[in-house]
Amino acid sequence: MSKKRELIYYIPNIESNKKDLQYVHDVTSLTLGIGSGILTLESYKGFLLYIFGYTAVNLLFYFVCCNKKAASFFRKPFHEIFLEDILSDMPGFVMMWCLTYALVR
Amino acid sequence: MEEELVLDPQLKYWVLIPISVVMVLVGLLRSSFTALLSPGPKKTPYKKIRETQFLRRAECFRASNNVLDVNQMESRRNYFIEKLNSSEYYSEKISTDDTPKNPFTDSSTNDALMSMMKGNLLNYIPQSLIMAWVNFFFADFIVMKLPFPLTDGFKSMLQSGVATPDLNVRYVSAISWYFVNLLGLKPIYNLLGDNEAMSTILAQSQQTMPNIGGPGAPKVDKIFQGCAENIKLIKHESIFDGIASRVIDVYS
């Protein structure tokens with residue numbers, strides 16, 4: 001009986017959680033961009049830093065912020081935390097990377 | 001080993017940073033303009049609301065009628081069937097001709113299209129102005145070196161005005177910094193403007209959708225009659241049936 005219980009989400013909470021996650025993602029992509037620009041990484045190394053750094057921050061978010069129970073805070077936890085924004089945050093990363101790369105060199 | 005070009009460091013301070021600052025400021029200005037220009041929530045005529053709420057009431061009755069006993073059930077059933085088959089709760093007179101209305105004569109659709117157009121104009125005008133500004137002031141020289149290689153296909157776009165056909169594509173002119181900014185400023189807007197731009201865009205799309213979809217929707221009299229049919233077909237099962245024996249069974 002209790003196994004088949006349905007999870008009911010309160011929409012404003014879900015949206016607020018999503019906003020917090022969005023904030024983390026934004027700050028992460030910009031900071032990683034600044035970092036790889038300061039390190040003057042070039043071509044694929046910068047993108048590798050982005051992918052690994054982004055995933056590491058997402059793992060921290062999953063274990064620390066969500067306390068390993070992401071399913072109770074997000075509708076599709078794995079997809080929303082790890083996959084959904086990695087491409088759409090890429091341009092922000094590239095912008096900061098280009099800027100700091102040009103400033104540092 | 002490829003040749004390295006030496007770029008004047010002053011280029012960073014007088015080209016890169018001004019372009020980014022201008023783009024951020026214009027983006028913020030645009031989002032506050034859209035917030036100013038967007039009309040407040042529109043009022044729905046009360047008859048329309050009454051119609052939908054009556055329909056919802058009938059649906060609720062259909063879903064949870066088992067808390068009523070037989071007399072209450074029958075009186076409510078008759079009431080709903082009578083009202084649903086009359087035209088008392090219709091929001092407007094049902095026209096007999098079936099020709100669909102021209103969607104552009106409907107004022108609500110026009111408003112939605114207008115606000116959509118305003119949003120689009122507010123998107124395009126500042127962008128093209130900045131692009132013209134960048135092209136006018138910062139044309140014809142190399143500004144920066146990109147940290148990643150690109151294919152030669154980008155040459156004509158990113159090195160426009162630079163008359164050196166064999167230059168590495170990683171050296172780009174100011175217009176490409178403009179493009180990088182155009183794509184990459186979204187997180188900055190999110191952090192600065194507290195999702196202002198995104199939320200206005202979302203509100204616009206939600207506003208326009210139901211109005212456009214109007215003509216294809218089924219007629220209200222059909223919905224009401226269908227609901228009346230459903231209420232006629234309810235097999236009523238009251239929770240009060242045999243309640244005394246059930247309670248005695250539990251506590252004996």
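Buried means under 20% relative accessible area, exposed means over 50%, and partly exposed is anything in between, using a 1.4 Å probe and protein chains only. This is a predicted model, where local features need pLDDT of at least 70, side-chain atom pairs count only at pLDDT 80 or more, and totals for chains, interfaces and linings use all residues. Residues are numbered from 1 along each chain as its sequence is written, chains are lettered from A and ligands numbered from 1 in the order in which they are written, and side-chain values use heavy atoms, with hydrogens and water left out.

**View 1. Chain A is built from four helices and zero strands.**
Helices (H or I, at least four residues) and strands (E, at least two) are DSSP runs, numbered from the N terminus. Starting at that end, chain A reads α-α-α-α. Of its 105 residues, 36% count as buried. The chain exposes about 6500 Å², and carbon and sulfur atoms supply 66% of that; the areas come from the Shrake-Rupley method with a 1.4 Å probe, and for residues only the protein chains shown count as cover.

**View 2. Two spans of chain A carry a UniProt label.**
The unreviewed UniProt entry annotates residues 21-41 and 47-65 of chain A as "transmembrane region". UniProt positions are given in the numbering used here, feature names are shortened, and annotations may be inferred rather than shown by experiment. In the model, residues 21-41 of chain A are 86% helix and 0% strand, with end C-alpha atoms 27 Å apart. Residues 47-65 of chain A come out as 100% helix and 0% strand, and here the end C-alpha atoms are 26 Å apart.

**View 3. Tyr62(A) and Phe63(A) make an edge-to-face pair.**
Rings of Phe, Tyr and Trp (its six-membered ring) pair if their centres lie within 6.5 Å; planes under 30 degrees apart count as stacked, over 60 as edge-to-face and the rest as tilted. Over all chains, the structure holds 22 aromatic pairs. In this one, the ring centres of Tyr62(A) and Phe63(A) sit 5.3 Å apart with planes at 85 degrees, so it counts as edge-to-face. Tyr62(A) is partly exposed at 25% relative accessibility, and Phe63(A) is partly exposed too, at 43%.

**View 4. Trp133(B) and Phe137(B) pair up edge-to-face.**
Their centres are 6.3 Å apart, with 65 degrees between the planes. Because Trp133(B) and Phe137(B) are four residues apart in helix α4 (residues 107-137) of chain B, about one helical turn separates them. An α-helix has 3.6 residues a turn, so residues three or four places apart point the same way. Trp133(B) is partly exposed at 26% relative accessibility, while Phe137(B) is exposed at 52%.

A disulfide here is a pair of cysteine sulfur atoms within 2.5 Å. For Cys65(A), the closest cysteine sulfur belongs to Cys66(A) and is 6.3 Å away, too far for a bond. Cys65(A) is exposed, at 54% relative accessible area, whereas Cys98(A) is buried, at 0%.

**View 5. Helix α3 of chain B has 16 residues.**
This helix (residues 70-85) reaches 22 Å from its first C-alpha to its last, close to the 22 Å expected at 1.5 Å a residue; the expected span is 1.5 Å times one less than the number of residues. Its buried residues are Met73(B), Arg77(B), Phe80(B), Ile81(B), Lys83(B) and Leu84(B). Their cover includes α2 (46-63) and α9 (220-232) of chain B. Phe80(B) also belongs to a cluster linked by ring pairs, together with Phe54(B), Phe61(B), Tyr79(B), Tyr89(B), Tyr90(B) and Phe224(B).

**View 6. Ser173(B) lies in strand β2 of chain B.**
The strand covers residues 171-173. Ser173(B) is buried, with a relative accessible area of 2%. Leaving out residues up to four places away in sequence, Ser173(B) touches Phe141(B), Val143(B), Leu158(B), Gln159(B), Ser160(B) and Val162(B); contact means heavy atoms within 4.5 Å. The C-alpha atoms of Ser173(B) and Met144(B) are 6.9 Å apart, although 29 residues separate the two along the chain.
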